[in-house]
Amino acid sequence: MNVLVILAVVAALIGLRFVKPGMLVWLAAWWVGCYVALRYGFSTPVPVSVIKLYMGIVTLSLTAYALADSERWAQVRDPLTAFMTERRYQAWLVVVALLIPALFAVRIYAQMTSDPQAPSFARTVHPAPPDSITVHDTEYPLGTQDNPYRHLENDDPEAFAGRVVNGRQIYYENCFYCHGDLMAGDGMFIHGLNPIPTSFQDPGTIPMLREAFLFWRIAKGAPGLPEEGGPWQSAMPAWEQFLTEEEMWNVILFLYEFTDSKPRAVEELH
Amino acid sequence: MSGVAKSLTLLLLVAVAAPLTAQTDGQAIYAKYCSQCHGENGDGQGIAARFLKPEPRDFTSGKYKIRSTETGNLPTDADLERVVKIGLPYTSMPAFPNLTNAQVSAVVGHLKTFSADFEDPELAPEPIPLPSPPSYSEEGAAKGREVYEATGCARCHGTLGRGDGTSAPTLTDDWGNHIRAANLSMPWTFRGGGTRQDIFRTMSTGFNGTPMPGFYGALPEEDIWSIVDFIVSLSGNTVEEPYANLVRSIATRESLELTDDLFSEAPTTVLPIVGQIIEPGRNFYPSIIAVGVQAIHNHKDVAFRLRWHDMRAETAGTNAPDLPAPLWDDELAALGQLEETGSGDDEEGFWGDEEAGGDDEDFWGEATVSEEADSGDFWGDDAAPDDAAGEAGDDFWGEETGSEDAGGGDDFWGEGDAEPAAVTTPETEFSDAVALQFPLEMPQGIRLPYFLLGDTQNAVQLWHADLGANASSAWVARGSAAVSPGDSEPPKMTARYEDGEWSVLFKQPRRPQTGLTFEEGAFIPLAVTVWDGFNRERGNRRGLTPWYHLYLEPLEKPSSVRPMLKAGLGVLGLELLIIGFVRMRKRSRRPDVLRS
């Protein structure tokens with residue numbers, strides 16, 4: 001979030017209040033303000049399609065606001081009507097009437113001559129897991145499965161610490177090439193990967209997920225993703241090829257330990 | 001300021017600093033962030049070390065690469081802190097932006113404890129002067145080329161700086177591990193940084209523990225700057241990663257003769273290569289950094305040129321996509337040992353004061369890579385016309401750099417004619433190879449085959465070139481376990497290795513009888529695999545890319561005039577309608593207005 005941009009927009013709108021502009025200017029200011037906030041107000045750029053969608057909603061809302069009250073509507077309508085009918089505006093009217101089609105034509109030209117863009121696939125990053133998975137002939141019901149070693153954290157801290165150490169070894173033998181030394185999803189191979197690996201430091205990832213979800217993602221990798229996850233392009237290996245279940249559970253313990261986070265608990269069904 | 005205020009400030013500082021010391025325990029930070037690679041004892045033998053190349057630094061040696069001090073000297077604290085903060089590009093040493101300055105100095109303090117040298121006041125590091133860089137000049141680069149040759153840089157780094165010098169395959173670090181000479185045409189991979197100032201520092205100080213010497217005091221400052229200019233010219237001033245994700249095939253009406261000239265107008269898309277570490281055959285240290293891809297098509301055929309920098313052309317042995325490769329292996333370590341015995345284990349004498357006879361005549365002298373390649377006339381009649389000198393310079397970053405033979409003669413390494421230990425480089429079992437991967441059928445919708453050789457439902461095809469046999473073949477794969485020769489005609493292929501660069505040309509009909517057709521305007525998934533035989537890459541032990549896209553530009557570009565007119569007039573018409581409507585209403589309403 002670029003706070004400065006948002007603040008500037010808010011300040012401009014407040015400032016406009018003191019000028020007491022006409023309704024038409026108000027609506028235009030709101031429209032532009034919303035656009036600026038959406039386009040420049042976020043540090044991660046908002047996709048163009050999303051901006052278009054939101055600006056459509058903004059346009060509809062502003063129209064509804066203008067139409068809801070006949071006095072307000074008159075304030076919008078009258079200057080427009082005057083512009084289109086009164087003789088003193090005639091020269092400007094001609095200019096504007098020609099400028100708008102010209103802008104459309106320029107846009108068409110830009111579209112037709114622009115460089116082709118590679119198609120992109122908007123994959124679901126954390127798709128819904130299956131009910132159960134089978135790893136090395138053992139079935140794991142993902143809905144109820146917990147990390148079988150999580151309880152050691154309280155019951156036997158020493159054994160727990162040993163498992164974290166084992167998980168650390170597995171991580172630095174297998175995972176950090178992509179997920180990075182700091183688990184920020186920035187390993188040494190990421191310049192050649194698309195999609196880029198998950199950052200476990202992102203609070204939207206492992207703290208929001210249950211350990212069974214991680215177990216599924218680790219054991220089955222990209223080939224085990226449902227279609228919406230784009231199983232054909234993720235570079236996540238199916239770790240059941242290389243690791244035992246115990247090792248996978250240990251590495252999960254390590255992920256939470258290193259990032260100082262807690263897994264999401266199983267929800268109680270009432 | 002009064003004494004009271006001073007002591008109050010001091011008290012405050014102590015109070016603030018107290019909790020900080022808990023966080024700036026260098027040993028604890030080292031244990032959490034460093035020991036997995038550099039080892040608990042700082043000896044570079046951490047749990048991840050065996051998978052890494054270049055190997056993690058052995059701190060007990062006190063030998064550090066990136067320094068501001070003269071060659072052979074210890075680094076300053078600031079040097080070490082800089083590396084911890086920004087990392088070493090294209091190695092497993094990451095940046096640690098999460099650590100505060102205090103934490104970084106604490107961990108640097110801790111790693112200095114691993115070597116007693118840091119306690120010796122006689123060895124206290126003194127930075128050398130690093131002047132601010134003069135601006136780049138063509139004359140500087142031209143002079144730099146001469147100094148580069150005369151100084152002997154080309155012996156390791158190659159004539160055009162592609163890390164392909166004649167001695168590059170034999171280089172070892174002080175621990176006996178094979179070490180690659182930097183590819184000077186890719187500044188974004190430079191361990192010491194890619195700016196002019198960085199390159200000047202690296203040139204001046206050298207990399208301790210490696211064969212890279214420091215030239216501070218050995219070369220005049222302006223000569224070092226001219227070499228810097230030459231190195232900058234090798235990349236065409238491309239400092240940042242030049243990677244893109246779309247290969248654009250240009251259209252032509254001419255027939256497609258498979259020569260390098262064919263691609264002179266085609267834009268190059270540089271695709272980064274990473275190791276296949278997803279399935280058995282895991283390749284943790286692929287040696288090829290990037291592949292430049294170009295494409296051109298006419299109404300009948302489509303042709304590709306793939307270019308990449310390779311330390312040496314491996315033309316002995318064989319390679320194929322289905323060769324078995326172990327889960328991962330220590331073969332490279334074994335290879336390192338081979339080299340060690342081969343080079344006579346002469347770490348000290350490696351640079352040539354040691355007079356060691358050898359059959360390998362003129363090892364340092366005139367023998368250049370291109371001559372080596374030519375001498376065997378390996379490519380026989382298929383070889384592209386040898387208009388090399390100009391061609392080779394047309395490198396894929398787009399900068400013209402002429403090609404001249406490396407001169408022998410007097411140079412930095414002293415006795416120009418002295419020959420070092422005869423180096424017998426290991427015979428390679430595996431040749432270099434490359435493959436283009438496409439879906440077997442054009443995908444319907446978004447679903448593509450698995451980028452790693454497809455899957456059971458979605459097959460891929462490979463256009464493969466074994467550069468040992470100088471032969472191409474077509475393959476079909478439905479996953480790594482189901483890779484088999486395909487039925488279709490193998491693509492037409494020619495290949496050439498020159499000045500450290502492979503250039504492999506493929507051609508296929510755009511509309512084969514079955515399978516994928518290359519239609520204009522469509523986005524066709526494309527992936528690349530390269531195998532470096534020197535690195536023992538074969539089968540699934542390979543360097544690869546994920547899916548990128550190929551776009552065939554239409555031969556006839558549709559004119560934009562008609563759609564522009566259509567849209568413009570349409571909008572104008574709409575406007576006139578609205579204006580007319582408004583005026584009409586106003587006129588008919590005027591009585592109302594008057595009445596009210």
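Modeller: Let us start with one residue: Gly206(B) is buried, as 22 other C-beta atoms lie within 10 Å, where buried means 20 or more other C-beta atoms within 10 Å of a residue's own, exposed 12 or fewer, and partly exposed in between, with C-beta atoms placed from the backbone. This is a predicted model, in which local features need pLDDT of at least 70, side-chain atom pairs count only at pLDDT 80 or more, and totals for chains, interfaces and linings use all residues. Residues are numbered from 1 along each chain as its sequence is written, while chains are lettered from A and ligands numbered from 1 in the order in which they are written.

Biologist: Where is the place of Gly206(B), and with which residues is Gly206(B) in contact, leaving aside its neighbours within four places in sequence?

Modeller: Gly206(B) sits in the loop between helix 8 (196-205) and helix 9 (221-234) of chain B; helices (H or I, at least four residues) and strands (E, at least two) are DSSP runs numbered from the N terminus. Two residues are in contact if their C-beta atoms, placed from the backbone, lie within 7 Å, and, its neighbours within four places aside, Gly206(B) contacts Thr71(B), Met212(B), Pro213(B) and Gly214(B).

Biologist: How is strand pairing to be read, and which strands run antiparallel to strand 11 of chain B?

Modeller: Two strands pair if DSSP finds at least two bridges between them. Strand 5 (residues 301-309) of chain B is joined to strand 11 of chain B by nine bridges in the antiparallel sense, with Trp308(B) opposite Trp502(B). Strand 10 (residues 492-498) of chain B also pairs antiparallel with strand 11 of chain B, over seven bridges, and there Thr494(B) has Leu505(B) as its bridge partner. The hairpin of strands 10 and 11 of chain B has two residues between the strands, and Asp499(B) takes a positive phi near 50 degrees in it.

Biologist: Why is strand 11 of chain B described as largely enclosed by the rest of the structure?

Modeller: Strand 11 (residues 501-509) of chain B is largely enclosed because eight of its nine residues are buried. For the chain as a whole, 45% of the 596 residues of chain B count as buried.

Biologist: How should I read a helix crossing, and at what angle do helix 2 and helix 4 of chain A cross?

Modeller: Axes are lines fitted to C-alpha atoms, for helices over the stretch in contact, and angles run from 0 to 180 degrees between N-to-C directions. The axes of helix 2 (residues 23-40) and helix 4 (residues 70-85) of chain A come within 8 Å and cross at roughly 95 degrees. These two helices of chain A are therefore roughly perpendicular, a term for angles of 65 to 115 degrees, with those under 35 roughly parallel, those over 145 roughly antiparallel and the rest oblique.

Biologist: How many residues of chain B are in contact with chain A, and which helix supplies the largest share of that side of chain B?

Modeller: In chain B, 46 residues are in contact with 40 residues of chain A. Helix 13 of chain B supplies the largest share of that side, twelve residues, and the residues on the side of chain B divide into 31 nonpolar, nine polar and six charged. Here Ala, Val, Leu, Ile, Met, Phe, Trp, Tyr, Cys and Pro count as nonpolar, Asp, Glu, Lys and Arg as charged, and the others, Gly among them, as polar.
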